[in-house]
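Here are my notes on the helix packing. Have the model open while you read.

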Amino acid sequence: QLATTVVGQLNYSDLYSGGPETARYKLTHKALAYTTLGVFVATGALALLAPSAPEARRRVDRVAVHRFAMLTAAAGMVAQAVLGIHARERVGRLDQERFATVHLAVGYATFAAVAAGVGALVF
């Protein structure tokens, strides 16, 4: 996720910084994005298919924070896929940069959700 976000920022800067577009990050960002989405879906499926722990008293704990963060990240991943594909299809149109900017912002928010979810369990 971190690599996808960093390379996504580099790709965005390459496209919209005002200089000539080099497309040097385009393929790397695409490969990282699809890999990140695939790994996220696979680990999410494992989590959903895992047996549940015995019912405990409902409370806010690290696992609850992790679940909420991963639910938020999942919504972000879906939005990222839709926005990224849509922005790519808008090449040459006046509104492409607007969709790419929203895609970038959602990418940072998704990364923050993943980091919060992982951090809730690790720390």
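The points below go helix by helix.

1. Ground rules: this is a predicted model, with local features needing pLDDT of at least 70, side-chain atom pairs counting only at pLDDT 80 or more, and totals for chains, interfaces and linings using all residues. Residues are numbered from 1 along each chain as its sequence is written, and side-chain values use heavy atoms, leaving out hydrogens and water.

2. Start with H2, residues 26–49 (helices are DSSP runs of H or I, at least four residues, numbered from the N terminus). Its 24 residues should span 34 Å at 1.5 Å a residue, and the end C-alpha atoms sit 35 Å apart, so the two agree; the expected span is 1.5 Å times one less than the number of residues.

3. The buried residues of H2 are His29, Thr36 and Phe40 (buried is under 20% relative accessible area, with a 1.4 Å probe and protein chains only). They pack against H1 (2–16), H3 (62–89) and H4 (96–122).

4. The axes of H2 and H3 come within 11 Å and cross at roughly 150° (axes are lines fitted to C-alpha atoms over the stretch in contact, with angles from 0 to 180 degrees between N-to-C directions). H2 contributes Lys30, Tyr34, Thr36, Leu37 and Phe40 to the contact, while H3 brings residues including Met70, Met77 and Arg88; contact means heavy atoms within 4.5 Å.

5. For H3 and H4, the axes come within 8 Å and cross at roughly 160°. That makes H3 roughly antiparallel to H4 (angles over 145 degrees count as such).

Notes:
Helices (H or I, at least four residues) and strands (E, at least two) are DSSP runs, numbered from the N terminus. Buried means under 20% relative accessible area, exposed over 50%, partly exposed in between (1.4 Å probe, protein chains only). Angles under 35 degrees count as roughly parallel, over 145 as roughly antiparallel, 65 to 115 as roughly perpendicular and the rest as oblique.
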